[in-house]
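Student: Hi! I've just opened this one and I'm new to it. Can you walk me through it?

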Amino acid sequence: MTSSPQDTAEHPPGLIARLGAEALGTMFLVLVAVGVKIFSTQQGGPATALAIGLSVTAGMIAFGYVSGGHFNPAITLGNLIAGRIRAVAALAYVVAQVIGAVVGAALIYFVVLASPVLADARAALGTAAAGYGEHSAAQTQLAGVLLAEVIGTAILVGVFLGATAGRRAIAALAPIAVGLATAVLLQFGEIVGNLPFNPARATGQAFFSPSWALEGLWLFWVGPLLGAALAGFVFRGFSNFPAAAPVAGDVPEAGNDGGAAAAGAVQAPAVPATAEAPVDRGRTADKEDEARDFFDGKKGQ
C-alpha cells in the first residue's frame with residue numbers, strides 16, 4: 001500500500017525519509033542543470049535557465065510534502081533563521097543536499113565519458129561550473145560575483161519563504177513561484193559567472209570540473225549563505241509584527257480572537273477551563289519543517 005501526501009498530515013515522515021527526498025531532489029536538479037548546459041545545442045541561454053527552473057518546480061511538487069523541497073543549503077539556512085526548521089535537521093539537510101548534488105554531477109560525468117564528441121569530461125563540466133574573473137563570460141571580478149550571489153540568493157530564498165508562508169498561500173503555486181524565480185535568476189547569473197545560487201549544486205559541479213572550480217568554490221558558499229541569512233532575518237522580523245485588526249464584517253482567522261472582539265463579531269462560547277484542548281500529537285512531536293507542513297496540508301491547522 002503506497003502512501004499519499006494526505007497520509008503525511010497524520011503520520012509525518014521521519015528524518016531519514018526527508019533526507020532521502022532532499023538528496024533525490026537535489027540530484028535531479030543537478031542532473032538537469034549540468035546535463036542541459038553541456039548537451040544543449042545553444043550552450044546555455046533562456047532554454048537552459050527555464051529547464052532548471054522547471055526541474056525545481058517538478059522536484060518541489062514531487063518531494064515538497066516529504067521534506068519541504070529545499071534542495072539548496074541556502075534555502076535551508078533561510079528556513080532555519082526564519083524559525084521554520086531545527087538546527088540539527090537543517091545540518092542534516094545540507095549534508096544530504098551536497099551528497100545528492102555530487103551524485104548528480106557524477107552521473108553526468110560518466111555520461112560525458114561515454115560521448116566520443118566530448119574528449120575532455122572535466123572541461124565539459126567546467127562549462128557549467130561557477131566561476132569569476134577569467135572563468136566568467138562577462139569577466140566579472142570576485143566582488144561583483146559575490147554581490148550578485150548575495151542579492152540573487154536573498155531574492156530566491158525570499159520567494160521560497162513568502163510562497164510557503166501564511167494561511168492564504170496556495171501549495172500548488174509555491175513550486176511555480178520558486179521555479180520561475182530560479183529560472184529568471186539563472187538567466188541573469190549565467191553571464192555573470194554561471195551563478196547557481198545554490199552551494200550544493202556548485203559543489204557537485206566543482207568536483208568534476210577543472211581545478212579552478214574547486215579553488216573558487218568558497219565564494220559560492222559564502223555569497224549564497226549571506227543572502228540566505230539576510231532573507232531569513234527579514235522574514236523572521238515580519239513574523240514579529242503584530243497582526244492587523246480585521247475590518248468589521250470580516251470573518252476572523254482561527255486563533256485571532258482578539259481581532260474578532262474588536263470588530264464586534266459573534267464569538268463562539270469559551271471552552272471551560274477544566275477542558276483540555278485537543279493536541280495534534282503528530283505535529284507536536286515532529287514540528288521539524290513548516291515548509292513540509294505547508295505542502296502536506298498541515299500549515300495553518
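Tutor: Happy to! Starting at the N terminus, the elements run α-α-α-α-α-α-α-α-α-α-α-α-α-α. That comes to 14 helices and zero strands, where helices are DSSP runs of H or I with at least four residues, strands are runs of E with at least two, and numbering starts at the N terminus. This is a predicted model, so local features need pLDDT of at least 70 and side-chain atom pairs count only at pLDDT 80 or more, while totals for chains, interfaces and linings use all residues. Residues are numbered from 1 along each chain as its sequence is written, and side-chain values use heavy atoms, leaving out hydrogens and water.

Student: Okay, how much of the protein counts as buried?

Tutor: Of its 301 residues, 48% do. Buried means under 20% relative accessible area, exposed means over 50%, and partly exposed lies in between (1.4 Å probe, protein chains only).

Student: And which residues have the most contacts inside the largest nonpolar core?

Tutor: Those are V157, F160, L195 and F220, in a core of 34 residues. Such a core is a set of buried Ala, Val, Leu, Ile, Met, Phe, Trp, Tyr and Cys residues joined through side-chain atoms within 4.5 Å.

Student: Which helix gives the largest share of this core?

Tutor: α7, with six residues.

Student: What does F160 touch?

Tutor: Not counting residues up to four places away in sequence, its partners include M60, H70, I75, V178 and A291. Contact here means heavy atoms within 4.5 Å.

Tutor: There is also a second, separate core of 17 residues, with V34, A121, A124 and L125 among them.

Student: Switching topic: where is S55, and is it buried or exposed?

Tutor: S55 sits in helix α3. Its relative accessible area is 4%, so S55 is buried. Beyond its neighbours within four places in sequence, S55 is in contact with F28, L29 and V32.

Student: Why does I99 count as partly exposed?

Tutor: Because its relative accessibility is 49%. I99 is found in helix α5, residues 87-113.
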